[in-house]
Amino acid sequence: MKIQILGTGCPKCKTLEQHTREAVAEIGIEAEIDKVTDIDAIMEMGVMMTPALAIDGEVKSVGKVLTKDQVISYLKGGK
Amino acid sequence: MAGCDCGSEKTVLITACSGAANTGLLADQVARSLRADKTGSMTCLAALGAELSGYVESARGADRNIVIDGCPVGCGAKIYAKLGIPCEQHIMTDFGVEKGKTAITPDLTAEVAAAVKAKIAEAGK
């Protein structure tokens, strides 16, 4: 599984990254976590607000600092 | 890009139908004018129609979605309705423009853009 955290490096982006790492650790999946900080790369994915979370290339959330549990829900295929 | 969500600034996204008729041309130019004067950030209606996830989730997360439709067919607003995302629709033929007839000039674009901008501001109060 490939997880992307999209954001230019603001505190909210860092918090989302932390929650995502905690979520991955908690459910024990193997995942590659990439931080996408390049504004052009972020916009190419159609993301207009950050932070955003994408899983396997699909953007799941935009402009929100998801909680660890919300990230877990997305990782398990939920919403 | 509308920007980082760290601030308290409201996110306003603007799309235009950009259809084949003169009204689609005007819708596109009005949307670009609204982007230029920072009424909001312009994003792609075609990408929403194609249900590309980044665009859809951005629209879902925006505080306001403004759609500029050329004519009452309202393709833009219908895309938002299909996605279940609320939007504020402005239709170019409501501004005295006749589909297939009215010439789209810079003066007309500026006039309609100003009128749409005023409506957006009024709705945002």
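Q: What makes the sheet of 4 strands in chain A an open one with mixed pairing, and what is its strand order?
A: In this predicted model, the order of the open sheet in chain A is 2-1-4-5, and the pairing is mixed. Strand 2 (32-36) and strand 5 (58-62) of chain A each have a single partner strand, so they stand at the edges and one side of each lacks a neighbour in the sheet. On average, neighbouring strands of this sheet are turned by 20° against each other, direction ignored.

Q: How do you know that strand 1 of chain A is joined to strand 2 of chain A, and in which direction do they run?
A: Pairing requires at least two bridges between the strands. Strand 1 (residues 2-6) and strand 2 of chain A are joined by 5 bridges and run parallel; the two strands therefore count as paired. As one example, A:Gln4 has A:Asp34 of strand 2 as its bridge partner.

Q: Which elements make up chain A, and in what order do they run?
A: Chain A holds 3 helices and 5 strands. Starting at the N terminus, the order is β-α-β-α-β-β-β-α.

Q: Why is chain A called as compact as a globular protein of its length?
A: The globule rule gives 12 Å for 79 residues, and the radius of gyration of chain A is 11 Å, close to that value, so the description applies. Along the principal axes, the C-alpha atoms of chain A fill a box of roughly 30 × 25 × 20 Å.

Q: What share of the residues in chain A is buried?
A: A residue counts as buried if 20 or more other C-beta atoms lie within 10 Å of its own. In chain A, 38% of the 79 residues are buried.

Notes: Residues numbered from 1 in each chain as written. Chains lettered and ligands numbered in written order. Predicted model: local features only at pLDDT ≥ 70, side-chain atom pairs only at ≥ 80, totals over all residues. Helix = DSSP H or I, 4+ residues; strand = E, 2+ residues; numbered from the N terminus. Axes fitted to C-alpha atoms, helices over the stretch in contact; angles between N-to-C directions. Rg over C-alpha atoms; globule rule 2.2 N^0.38 Å. Buried ≥ 20, exposed ≤ 12 C-beta atoms within 10 Å, placed from the backbone.
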